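Me: I'm new to this one and I'd like to learn how to read it. Could you walk me through it?

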Amino acid sequence: MVDPTFWKGKRVLLTGNTGFKGSWLSIWLEMLGADVTGFSLPPPTDPSLFVLAGLDRSMNWIEGDVRDGAKVLGTVRRADPEIVIHMAAQPLVRESYLDPVGTYATNVMGTVNILDAVRLVGTAKAVVNVTTDKCYENQEWPWGYRENEPMGGYDPYSNSKGCSELVTSAYRRSFNLPVASARAGNVIGGGDFAKDRLIPDILRAIQAGERVKIRSPHAIRPWQHVLEPLSGYLTLAQAIYRDPKTYAQAWNFGPRDEDAKPVEWIVRTLCALVPDSKGYEIDSNPQPHEAHYLKLDISKARGSLGWEPTWDLETTLGKVVTWNVELTPTQIRSY
Ligand SMILES: NC(=O)c1ccc[n+]([C@@H]2O[C@H](COP(=O)([O-])OP(=O)(O)OC[C@H]3O[C@@H](n4cnc5c(N)ncnc54)[C@H](O)[C@@H]3O)[C@@H](O)[C@H]2O)c1
């Protein structure tokens, strides 16, 4: 799906390069021989994959805020990109309840600033805006959402990503920008240290010798290894670059249907894989609203892009455990 000959020497602007997904994608693009410029705030966590993998030293990146339109424009001019992958965001649901204004400013106006700078500079032949499975108006039904279903989002994070989708389609239609949006599921993998995310929370509890506390044990989510949607973004960028009329649109990149599992299944399986785990308990404190069912229909990416998930969920959880329990820092980058 990812064509190494395509990426060699391509000028790529990657926003959010200091984050979890951005660090993995930076490593991948570096391996493909792309000429990458990152644009981002500093790593959102400490520790971070960005520092552990040595990207803070090896990578060409510009520190900046997507809310700062002038800085964004200067960066796009300097990077002179052929391809733009925009993933800088405030990505946490709970944080969005604490800071809704900051979340909308980053996720909506940040996207406007990026797309407008790309429009003004005019060199990009493919742009991918990374949104989320949560951008859909959730109907609490057991089927996967398809790309043509309405945008929505109950909480400020999900809703801001629905807005970012609308911004994307407006820029595509109004300015003929070769821009697509990519909606991925709940991404897991080594190197995620975010707070209030299931896998990092489980691993932190295990390391502290505590029982894992879980919220919403029956909530079903489309879990996938971080490399799965990243391969989707790269495949999509290639396709837009070659044929923008056909591929600049919205795409889902989720797991196979059987890998959309309840939270409790994930916790039970992960605890069983880690020898020192003390098990888990349900957190009965009142929690902000969370959807019960969320699945993605990936028929379109399968049929039209030839994209396919590679690892099933058990293999993915095994990879998470290997990364967190067995790897030394020097092995992280080559893993
Ligand atoms: N992790 C998931 O499960 C998941 C699922 C679906 C979609 N996504 C989306 O993927 C993207 C990356 O998510 P992640 O999990 O790597 O998040 P992350 O928090 O690890 O990384 C976010 C990145 O955005 C940068 N950033 C945040 N605010 C910024 C600002 N105002 N200006 C410039 N940079 C800013 C951070 O510095 C960091 O580089 C986000 O757009 C997120 O919404 C993530």
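Me: In which sense do strand β5 and strand β6 pair, and over how many bridges?

Reply: Some background before that. This is a predicted model, where local features need pLDDT of at least 70, side-chain atom pairs count only at pLDDT 80 or more, and totals for chains, interfaces and linings use all residues. Residues are numbered from 1 along each chain as its sequence is written, and side-chain values use heavy atoms, with hydrogens and water left out. Strands of a sheet pair through backbone hydrogen bonds, either parallel or antiparallel. Here, strands (DSSP runs of E, at least two residues) and helices (runs of H or I, at least four) are numbered from the N terminus. Two strands pair if DSSP finds at least two bridges between them. Strand β5 (residues 126-130) pairs with strand β6 (residues 179-184) in the parallel sense, over four bridges. In that pair, Val-130 stands opposite Ala-182 in β6.

Me: What is the strand order of the open sheet with seven strands?

Reply: Follow β3-β2-β1-β4-β5-β6-β10, with parallel pairing. At the edges are β3 (61-63) and β10 (250-253), each pairing on one side only. From one strand to the next, the twist averages 20°; such angles run from 0 to 180 degrees between N-to-C directions, with axes fitted to C-alpha atoms, for helices over the stretch in contact.

Me: And which strands does α10 lie across?

Reply: Contact means heavy atoms within 4.5 Å. α10 lies across β4, β5, β6 and β10, at about 150° to β5.

Me: What about the open sheet of three strands: what is its order?

Reply: That one goes β7-β9-β11, with mixed pairing. β7 (186-188) and β11 (260-262) each have a single partner strand, so one side of each is left without a neighbour in the sheet. Between β7 and β9 (residues 220-225) there are three bridges in the parallel sense, and Asn-186 has Trp-223 as its bridge partner in β9. Helix α10 (residues 227-242) packs on this sheet too, touching β7 and β9.

Me: Now the ligand: how many residues surround it?

Reply: A residue is near a molecule if one of its heavy atoms lies within 4 Å of it. By that rule 29 residues surround the ligand, and Thr-18, Phe-20, Ser-40, Tyr-157 and Lys-161 are the closest.

Me: Which backbone atom is 2.8 Å from a nitrogen atom of the ligand?

Reply: Polar contacts are pairs of N or O atoms within 3.5 Å. The one you ask about is a polar backbone atom of Val-66. A polar backbone atom of Gly-19 is 3.0 Å from a ligand oxygen atom.

Key: A polar contact is a pair of N or O atoms within 3.5 Å; within protein, one must be able to donate a hydrogen and the other to accept it, and residues adjacent in sequence count only if both atoms are side-chain atoms.
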